[in-house]
Amino acid sequence: MSVKLAARPARTRLIIMAAVLALAGLLATAGQAGSARAATARTEHAAAVTGTGSAKPTIVLVHGAWADAGSWNAVIGLLQRAGYTVYAPPNPLEGLAIDTATLADFLQHTITGPIVLVGHSYGGEVITNAATGNSQVKALVYVDGYLPEQGEDLVDLTTAGSCFAVPDLSTVFNFVPDPVSPTGAVAYVKPTVFPGCFANGLPASAGAVLAATQRPLATSTFTDQSGVPAWQTIPSWDIVGTADHIITPAEQLFMANRAHARITEVNAPHLSMITDPGVVASVISQAAQATS
(Lines give C-alpha, C1' and ligand atoms only; values in the text may rest on other atoms or scores of the structure.)
Protein backbone atom coordinates (compact mmCIF):
# COMPACT_ATOMS: atom_id res chain seq x y z
CA MET A 1 0.00 0.00 0.00
CA SER A 2 2.76 2.39 0.87
CA VAL A 3 4.41 1.87 -2.49
CA LYS A 4 1.22 2.63 -4.36
CA LEU A 5 0.47 5.68 -2.25
CA ALA A 6 3.96 7.05 -2.95
CA ALA A 7 3.69 6.41 -6.69
CA ARG A 8 0.50 8.34 -7.12
CA PRO A 9 1.92 11.75 -6.14
CA ALA A 10 4.97 11.15 -8.36
CA ARG A 11 2.81 10.44 -11.36
CA THR A 12 0.64 13.45 -10.50
CA ARG A 13 3.70 15.66 -10.32
CA LEU A 14 4.90 14.34 -13.67
CA ILE A 15 1.52 14.99 -15.24
CA ILE A 16 1.43 18.52 -13.82
CA MET A 17 5.00 19.21 -14.98
CA ALA A 18 4.19 17.91 -18.43
CA ALA A 19 1.10 20.13 -18.60
CA VAL A 20 3.10 23.16 -17.47
CA LEU A 21 5.80 22.50 -20.05
CA ALA A 22 3.22 22.03 -22.77
CA LEU A 23 1.47 25.26 -21.79
CA ALA A 24 4.79 27.11 -21.75
CA GLY A 25 5.51 25.81 -25.23
CA LEU A 26 2.13 26.99 -26.45
CA LEU A 27 2.66 30.41 -24.90
CA ALA A 28 6.13 30.70 -26.44
CA THR A 29 4.77 29.70 -29.86
CA ALA A 30 1.90 32.16 -29.51
CA GLY A 31 4.32 34.87 -28.42
CA GLN A 32 6.58 34.20 -31.39
CA ALA A 33 3.60 34.26 -33.76
CA GLY A 34 2.38 37.49 -32.20
CA SER A 35 5.83 39.04 -32.53
CA ALA A 36 6.02 37.89 -36.14
CA ARG A 37 2.61 39.39 -36.88
CA ALA A 38 3.59 42.63 -35.16
CA ALA A 39 6.87 42.76 -37.10
CA THR A 40 5.00 42.09 -40.34
CA ALA A 41 2.46 44.80 -39.52
CA ARG A 42 5.26 47.26 -38.77
CA THR A 43 7.00 46.36 -42.03
CA GLU A 44 3.78 46.71 -44.02
CA HIS A 45 3.03 50.04 -42.33
CA ALA A 46 6.54 51.31 -43.07
CA ALA A 47 6.21 50.18 -46.67
CA ALA A 48 2.88 51.95 -47.02
CA VAL A 49 4.30 55.15 -45.58
CA THR A 50 7.63 55.13 -47.40
CA GLY A 51 6.56 53.59 -50.67
CA THR A 52 9.07 50.73 -50.35
CA GLY A 53 8.58 47.07 -51.11
CA SER A 54 5.36 46.18 -52.89
CA ALA A 55 3.50 49.23 -51.56
CA LYS A 56 2.05 51.79 -53.91
CA PRO A 57 4.25 54.72 -54.91
CA THR A 58 3.75 58.10 -53.30
CA ILE A 59 1.91 60.64 -55.45
CA VAL A 60 3.16 64.24 -55.39
CA LEU A 61 0.95 66.88 -57.03
CA VAL A 62 2.40 70.24 -58.08
CA HIS A 63 0.07 73.11 -58.88
CA GLY A 64 0.74 75.76 -61.49
CA ALA A 65 0.80 79.54 -61.59
CA TRP A 66 -1.97 81.71 -60.13
CA ALA A 67 -3.21 78.71 -58.14
CA ASP A 68 -2.60 76.75 -54.95
CA ALA A 69 -2.70 73.13 -53.84
CA GLY A 70 -6.45 73.36 -53.31
CA SER A 71 -6.92 72.93 -57.05
CA TRP A 72 -6.04 69.24 -56.50
CA ASN A 73 -8.65 68.60 -53.79
CA ALA A 74 -10.97 66.38 -55.81
CA VAL A 75 -8.10 64.38 -57.30
CA ILE A 76 -6.51 63.93 -53.86
CA GLY A 77 -9.72 62.48 -52.49
CA LEU A 78 -9.98 59.94 -55.31
CA LEU A 79 -6.34 58.87 -54.98
CA GLN A 80 -6.52 58.54 -51.20
CA ARG A 81 -9.61 56.36 -51.48
CA ALA A 82 -7.63 54.20 -53.89
CA GLY A 83 -5.00 53.69 -51.19
CA TYR A 84 -2.31 56.12 -52.28
CA THR A 85 -0.25 58.38 -50.05
CA VAL A 86 -0.59 61.84 -51.60
CA TYR A 87 1.26 65.11 -51.07
CA ALA A 88 0.40 68.47 -52.65
CA PRO A 89 3.15 70.83 -51.44
CA PRO A 90 2.92 74.56 -52.18
CA ASN A 91 4.71 75.77 -55.27
CA PRO A 92 6.36 79.09 -54.26
CA LEU A 93 5.86 80.72 -57.71
CA GLU A 94 9.01 82.75 -57.15
CA GLY A 95 10.82 81.80 -60.35
CA LEU A 96 11.86 78.52 -61.92
CA ALA A 97 15.15 78.14 -60.01
CA ILE A 98 13.54 78.66 -56.59
CA ASP A 99 10.46 76.60 -57.39
CA THR A 100 12.54 73.72 -58.75
CA ALA A 101 14.92 73.70 -55.79
CA THR A 102 12.01 73.82 -53.33
CA LEU A 103 10.32 70.80 -54.91
CA ALA A 104 13.59 68.88 -55.32
CA ASP A 105 14.37 69.35 -51.61
CA PHE A 106 10.86 68.27 -50.66
CA LEU A 107 11.18 65.05 -52.65
CA GLN A 108 14.62 64.28 -51.28
CA HIS A 109 13.94 64.95 -47.61
CA THR A 110 10.29 63.95 -47.22
CA ILE A 111 9.75 60.76 -49.21
CA THR A 112 11.48 57.39 -49.24
CA GLY A 113 10.61 55.05 -52.07
CA PRO A 114 9.11 55.40 -55.55
CA ILE A 115 7.34 58.62 -56.54
CA VAL A 116 4.87 59.56 -59.23
CA LEU A 117 5.33 63.28 -59.84
CA VAL A 118 2.41 65.23 -61.29
CA GLY A 119 2.44 68.81 -62.57
CA HIS A 120 -0.31 71.08 -63.82
CA SER A 121 0.39 73.93 -66.28
CA TYR A 122 3.55 75.75 -65.11
CA GLY A 123 3.90 72.94 -62.57
CA GLY A 124 4.83 70.80 -65.57
CA GLU A 125 7.95 72.89 -66.10
CA VAL A 126 8.78 72.61 -62.41
CA ILE A 127 8.56 68.80 -62.31
CA THR A 128 10.50 68.60 -65.58
CA ASN A 129 13.44 70.22 -63.79
CA ALA A 130 13.01 68.99 -60.21
CA ALA A 131 12.90 65.29 -61.16
CA THR A 132 16.12 65.36 -63.19
CA GLY A 133 18.64 63.09 -61.52
CA ASN A 134 16.21 61.81 -58.87
CA SER A 135 16.09 58.03 -59.12
CA GLN A 136 13.04 57.86 -56.85
CA VAL A 137 10.80 59.50 -59.45
CA LYS A 138 9.48 56.63 -61.54
CA ALA A 139 6.83 58.43 -63.57
CA LEU A 140 5.90 61.96 -64.62
CA VAL A 141 2.30 62.98 -65.25
CA TYR A 142 1.52 66.27 -66.98
CA VAL A 143 -1.96 67.79 -66.67
CA ASP A 144 -2.55 70.53 -69.26
CA GLY A 145 1.09 71.22 -68.65
CA TYR A 146 4.33 72.49 -70.10
CA LEU A 147 6.92 69.87 -71.13
CA PRO A 148 9.85 72.12 -72.04
CA GLU A 149 13.05 71.13 -73.76
CA GLN A 150 16.33 72.47 -72.43
CA GLY A 151 16.65 76.21 -73.07
CA GLU A 152 12.94 76.83 -73.68
CA ASP A 153 10.78 79.15 -71.59
CA LEU A 154 7.08 79.77 -71.08
CA VAL A 155 6.99 82.51 -73.71
CA ASP A 156 8.36 80.05 -76.28
CA LEU A 157 5.66 77.50 -75.46
CA THR A 158 2.64 79.78 -75.12
CA THR A 159 1.79 79.96 -78.78
CA ALA A 160 -0.74 81.73 -81.00
CA GLY A 161 -4.27 80.84 -80.03
CA SER A 162 -3.59 81.15 -76.32
CA CYS A 163 -5.42 83.97 -74.56
CA PHE A 164 -2.06 84.83 -72.96
CA ALA A 165 -0.28 85.15 -76.31
CA VAL A 166 -0.98 88.83 -76.83
CA PRO A 167 1.24 91.73 -78.01
CA ASP A 168 0.60 93.75 -74.86
CA LEU A 169 0.75 91.61 -71.71
CA SER A 170 -0.71 94.44 -69.65
CA THR A 171 -4.06 93.67 -71.27
CA VAL A 172 -4.22 90.31 -69.49
CA PHE A 173 -1.99 90.82 -66.43
CA ASN A 174 -1.72 93.28 -63.59
CA PHE A 175 1.96 93.83 -62.78
CA VAL A 176 2.67 94.66 -59.16
CA PRO A 177 5.98 95.61 -57.51
CA ASP A 178 7.25 92.97 -55.07
CA PRO A 179 10.63 93.33 -53.33
CA VAL A 180 10.74 89.59 -52.59
CA SER A 181 10.37 88.58 -56.24
CA PRO A 182 13.64 87.91 -58.16
CA THR A 183 12.77 90.65 -60.66
CA GLY A 184 11.02 92.90 -58.17
CA ALA A 185 7.58 92.35 -59.69
CA VAL A 186 4.80 89.78 -59.84
CA ALA A 187 1.91 89.25 -62.22
CA TYR A 188 -1.77 88.64 -61.51
CA VAL A 189 -4.28 87.61 -64.16
CA LYS A 190 -6.82 90.41 -64.52
CA PRO A 191 -10.13 89.49 -62.85
CA THR A 192 -11.95 90.29 -66.07
CA VAL A 193 -9.74 87.87 -68.01
CA PHE A 194 -9.41 85.03 -65.52
CA PRO A 195 -12.87 83.34 -65.73
CA GLY A 196 -13.11 83.04 -69.51
CA CYS A 197 -9.42 82.47 -70.19
CA PHE A 198 -7.94 80.57 -67.27
CA ALA A 199 -11.13 79.03 -65.90
CA ASN A 200 -13.28 78.52 -68.99
CA GLY A 201 -15.53 75.51 -68.60
CA LEU A 202 -16.28 76.35 -64.97
CA PRO A 203 -19.32 78.32 -63.82
CA ALA A 204 -18.61 82.03 -63.97
CA SER A 205 -19.04 82.28 -60.21
CA ALA A 206 -16.38 79.61 -59.65
CA GLY A 207 -14.01 81.40 -62.01
CA ALA A 208 -14.59 84.64 -60.13
CA VAL A 209 -13.66 82.97 -56.83
CA LEU A 210 -10.47 81.54 -58.32
CA ALA A 211 -9.60 84.95 -59.73
CA ALA A 212 -10.09 86.56 -56.33
CA THR A 213 -7.90 83.97 -54.54
CA GLN A 214 -5.15 83.60 -57.13
CA ARG A 215 -1.52 83.64 -56.03
CA PRO A 216 0.91 85.92 -57.89
CA LEU A 217 3.67 84.68 -60.19
CA ALA A 218 7.16 86.23 -60.31
CA THR A 219 7.50 87.88 -63.71
CA SER A 220 10.94 86.28 -64.17
CA THR A 221 9.14 82.96 -64.58
CA PHE A 222 7.96 83.95 -68.06
CA THR A 223 11.49 83.90 -69.45
CA ASP A 224 13.35 81.55 -67.07
CA GLN A 225 15.01 78.94 -69.25
CA SER A 226 14.34 75.30 -68.52
CA GLY A 227 17.16 72.85 -67.81
CA VAL A 228 17.81 69.23 -68.79
CA PRO A 229 14.33 67.67 -68.96
CA ALA A 230 13.55 64.72 -66.72
CA TRP A 231 11.20 63.30 -69.36
CA GLN A 232 14.25 62.26 -71.36
CA THR A 233 14.84 59.41 -68.91
CA ILE A 234 11.59 59.06 -66.92
CA PRO A 235 8.40 57.58 -68.46
CA SER A 236 5.74 60.25 -68.92
CA TRP A 237 1.98 60.54 -69.20
CA ASP A 238 0.09 63.60 -70.45
CA ILE A 239 -3.52 64.70 -70.12
CA VAL A 240 -4.39 67.13 -72.89
CA GLY A 241 -7.46 69.31 -72.43
CA THR A 242 -8.90 69.87 -75.87
CA ALA A 243 -10.72 73.03 -74.68
CA ASP A 244 -7.65 74.59 -73.05
CA HIS A 245 -7.41 78.34 -73.69
CA ILE A 246 -3.99 78.81 -72.02
CA ILE A 247 -1.81 76.13 -73.61
CA THR A 248 -3.34 75.28 -76.96
CA PRO A 249 -4.15 71.60 -77.54
CA ALA A 250 -1.86 71.62 -80.59
CA GLU A 251 1.06 72.86 -78.48
CA GLN A 252 0.30 70.33 -75.75
CA LEU A 253 0.29 67.49 -78.26
CA PHE A 254 3.55 68.73 -79.80
CA MET A 255 5.29 68.72 -76.41
CA ALA A 256 3.77 65.39 -75.38
CA ASN A 257 4.78 63.65 -78.59
CA ARG A 258 8.28 65.09 -78.36
CA ALA A 259 8.58 63.61 -74.85
CA HIS A 260 7.14 60.26 -76.02
CA ALA A 261 4.43 60.62 -73.37
CA ARG A 262 1.36 58.40 -73.19
CA ILE A 263 -1.40 60.81 -74.17
CA THR A 264 -4.97 61.01 -72.91
CA GLU A 265 -7.16 63.64 -74.54
CA VAL A 266 -10.18 64.91 -72.64
CA ASN A 267 -12.79 67.49 -73.58
CA ALA A 268 -11.80 69.78 -70.74
CA PRO A 269 -10.47 73.30 -70.16
CA HIS A 270 -7.13 74.27 -68.64
CA LEU A 271 -8.32 73.27 -65.15
CA SER A 272 -9.15 69.66 -66.02
CA MET A 273 -8.24 68.44 -62.53
CA ILE A 274 -11.22 70.50 -61.31
CA THR A 275 -13.68 69.75 -64.12
CA ASP A 276 -12.65 66.12 -64.72
CA PRO A 277 -10.90 64.81 -61.58
CA GLY A 278 -11.86 61.21 -62.36
CA VAL A 279 -9.95 61.25 -65.63
CA VAL A 280 -6.92 62.86 -64.01
CA ALA A 281 -6.90 60.41 -61.08
CA SER A 282 -7.27 57.48 -63.49
CA VAL A 283 -4.24 58.50 -65.55
CA ILE A 284 -2.18 59.05 -62.39
CA SER A 285 -3.16 55.56 -61.24
CA GLN A 286 -2.10 54.12 -64.60
CA ALA A 287 1.29 55.74 -64.21
CA ALA A 288 1.57 54.46 -60.64
CA GLN A 289 0.70 50.91 -61.64
CA ALA A 290 3.31 51.01 -64.39
CA THR A 291 6.04 51.67 -61.82
CA SER A 292 5.55 48.33 -60.01
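L117 touches V60, V62, L103, L107, I127, A131, V137, A139, L140 and V141 once residues up to four places away in sequence are set aside, a contact being heavy atoms within 4.5 Å. This comes from a predicted model, where local features need pLDDT of at least 70 and side-chain atom pairs count only at pLDDT 80 or more, while totals for chains, interfaces and linings use all residues. Residues are numbered from 1 along each chain as its sequence is written, and side-chain values use heavy atoms, with hydrogens and water left out.

L117 is also one of the residues that touch the most other members of the largest nonpolar core, along with I59, W66, L140 and I284. That core holds 69 residues. A nonpolar core here is a set of buried Ala, Val, Leu, Ile, Met, Phe, Trp, Tyr and Cys residues joined through side-chain atoms within 4.5 Å. Buried stands for under 20% relative accessible area, exposed for over 50%, and partly exposed for anything in between (1.4 Å probe, protein chains only). In soluble globular proteins, nonpolar side chains tend to be buried together.

Stepping back to the whole chain, there are 10 helices and nine strands. These are DSSP runs numbered from the N terminus, with helices (H or I) of at least four residues and strands (E) of at least two. The chain has 292 residues, and 44% of them count as buried. Taking contacts between residues at least 6 apart in sequence, 72% join residues at least 24 apart. The accessible surface comes to about 13600 Å², with 62% of that belonging to carbon and sulfur atoms; areas are from the Shrake-Rupley method with a 1.4 Å probe, and for residues only the protein chains shown count as cover.

Helix α4 (residues 122–130) is worth a look. Nine of its nine residues are buried, so the helix is largely enclosed by the rest of the structure. The buried set includes Y122, E125, T128 and N129. Among the elements covering these residues are β1 (58–62), α3 (96–110), β3 (115–120) and β4 (137–143), as well as α5 (154–157) and β7 (217–218). A130 sits in this helix and is buried at 5% relative accessibility. With residues up to four places away left out, A130 touches T100, L103 and A104. The C-alpha atoms of A130 and D99 are separated by 8.5 Å, although these residues are 31 apart along the chain.

W66, in the loop between β1 and α2 (73–81), has a positive phi of about 60° although it is not a glycine. L93, in the loop between β2 (86–87) and α3, likewise has a positive phi, near 60°, and is a residue other than glycine. W66 counts as buried at 7% relative accessibility, and L93 counts as buried at 2%.

L271 is another loop residue, placed between β9 (262–266) and α9 (272–275). L271 is buried, with a relative accessible area of 4%. Beyond its neighbours within four places in sequence, L271 is in contact with H120, D144, F198, A199, L202 and L210. L271 and G201 lie 70 residues apart in sequence but 8.3 Å apart in space, C-alpha to C-alpha.

V176, by contrast, is partly exposed, at 32% relative accessibility. V176 belongs to strand β5 (residues 173–177) and, leaving aside neighbours within four places in sequence, is in contact with G184, A185, V186 and Y188.

Now for the pockets. Rolling a probe the size of a water molecule over the atoms shows where empty space is left. On a 1 Å grid over the protein atoms alone, a pocket is an open set of points where a 1.4 Å probe fits, with protein on both sides within 12 Å along at least five of seven lines, and lining residues have an atom within 4 Å of a point. Grid points are joined across faces, edges and corners, and a volume is the space filled by probe spheres set on the points.

The largest pocket holds about 260 Å³ of space. It is lined by 15 residues, with L154, V155, T158, F164 and F222 nearest its centre. That lining has 13 nonpolar, two polar and no charged residues. Ala, Val, Leu, Ile, Met, Phe, Trp, Tyr, Cys and Pro count as nonpolar, Asp, Glu, Lys and Arg as charged, and the others, Gly among them, as polar. The second largest pocket has about 160 Å³. Its 13 lining residues include A67, D68, S71, L210 and T213, which are closest to its centre. Helix α7 (residues 204–213) gives the most to this lining, with three residues.
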